[in-house]
Amino acid sequence: MPLSAQTREQLKTLYNALADRVLEPGDPVYVAQVNCQGFSDAIEEIATEIEWQDGGGVCLFTGQRGTGKSTELKRLKKRLEDGGTVVFYADLAEFLLLTKEVEISDFLVSVAGAMSERVQAVYGASPGNRSYWDRFREFMQTRVEIREFAARLPGVDIKAALKSDPDFKHRVQEAARGHVAQLAREAHDFLAEAVLFVRERESDPARKVVLLIDSVERIRGVGSEAMAVYESVRNLFFGHAELLRVPLLHIVYTIPPYLSVLGPGAGALMGGAVPRRLVSTHVFRDRSREPDPDGLAVLRTVVERRHRDWSRLFEQKALDQLAISSGGDLREFFRLIRLCLPAVRDESQLPLSPSAVKAAENAARSEMLPIPGQHLLWLQRIARTHDTCLEKDSELPTLAHFLDNRLVLNYRNGSDWYDVHPLLRELVDAHVARTGA
């Protein structure tokens, strides 16, 4: 029987309820168990560290796409503000071109520019009655001997150009090389002045001021440039780590998950910051391919919070199968469910069975292919050892590709461990069996 109007509306409601969005604190669909497992709560740990830090500091926050970092940063902002801290949130995607190599120069300019705009928006004024963009323009024109580039700055919207003009971004990087210490000092001075400005406006000389920098983990190149972009991010956090810490200001940087694989290196250079990491929901038992009922129940709760009548549309076994196929990645789980819905044409198809969702799984799998043979061998080692199997730093860009594109997922039921995306397991196993590797 053709779909009734009521059923079509239910399908549409579920489809839209699972659209990707950042949840604000207090949203009724928020499920704490997704990112707070046992006694582990990354946001509470970061908030406590900030409260204990004197004179400013750095906290690092990471996790793969789809684990809810932006939602958790919003929760951190509210948690700190409830305790009297002044918090500014900035999405780096508004200030920096994220698909090209990044250097300390354009990164610091973007961070300082973001702080300048957020302070202006809240207090209606800027430190010294000048925005950071104006200060940067003056710095490039008068304090750095780069006349050819500086002469082109009048009339240029620096923020817009850094975000959308690859040539301008590259010229800023070239112009700043050799003057990094000066540029960093200028940015640090502005950020420290911004803290003092906020404290004056709040009539509290000891008020803590925090800047949350989101979307750093989204810096990634495409095609032949991808590996160079990954390398530039590593150099930013390891080669210039000391310049990312600012006196008086507490900064939380989101970082790509592949950086935390290298251990505490960058954090140690910033004063001991340990990356707090969000992981995929544990739909598998510790270091195994056996489904974990507790994790599956969490993801069913996530769907039920968004659409109470989901069981009218999916058998529980089918929904659990999609949860397993997503590897516990919340964004991928939602996407797999949404892929199933437009194909429903008849009432007799509902509720969807495990066999009915295979087309969505196949479509998601095909998007991750093809995979080079040498990569399949590495993925097999990860599947066997549940470690990243990173043997040398020069291979980091490949591991970054695995994590960024979710070919490999990170879990923490027990201790941290890794596994190949469930939709790729048969392919990886078959390649190894065929080649005898």
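Over how many bridges do strand β3 and β7 pair in the parallel sense? Select strand β3 (residues 57-63) together with β7, and you will find three bridges between them; two strands count as paired if DSSP finds at least two bridges between them. Strands (E, at least two residues) and helices (H or I, at least four) are DSSP runs numbered from the N terminus. Within this pair, F61 stands opposite R276 in β7.

Before going on, note that this is a predicted model, in which local features need pLDDT of at least 70 and side-chain atom pairs count only at pLDDT 80 or more, while totals for chains, interfaces and linings use all residues. Residues are numbered from 1 along each chain as its sequence is written, and side-chain values use heavy atoms, with hydrogens and water left out.

Now widen the selection to the open sheet, whose five strands, paired in parallel, follow the order β4-β5-β6-β3-β7. At its edges stand β4 (86-91) and β7 (276-278), each with a single partner strand, so one side of each has no neighbour in the sheet.

To see the contact itself, select M227, Y230, E231 and R234 in α10, which meet residues of α18 including L396, P397 and H401.

For the loops, select S215, between β5 and α10, where phi is near 75°, a positive value in a residue other than glycine. Then go to P351, in the loop between α15 (330-340) and α16 (358-366), where the peptide bond from L350 is cis, with omega near -10°. Another cis peptide bond joins L369 and P370, with omega about 0°, and P370 lies in the loop between α16 and α17 (373-385).

Key. Contact = heavy atoms within 4.5 Å.
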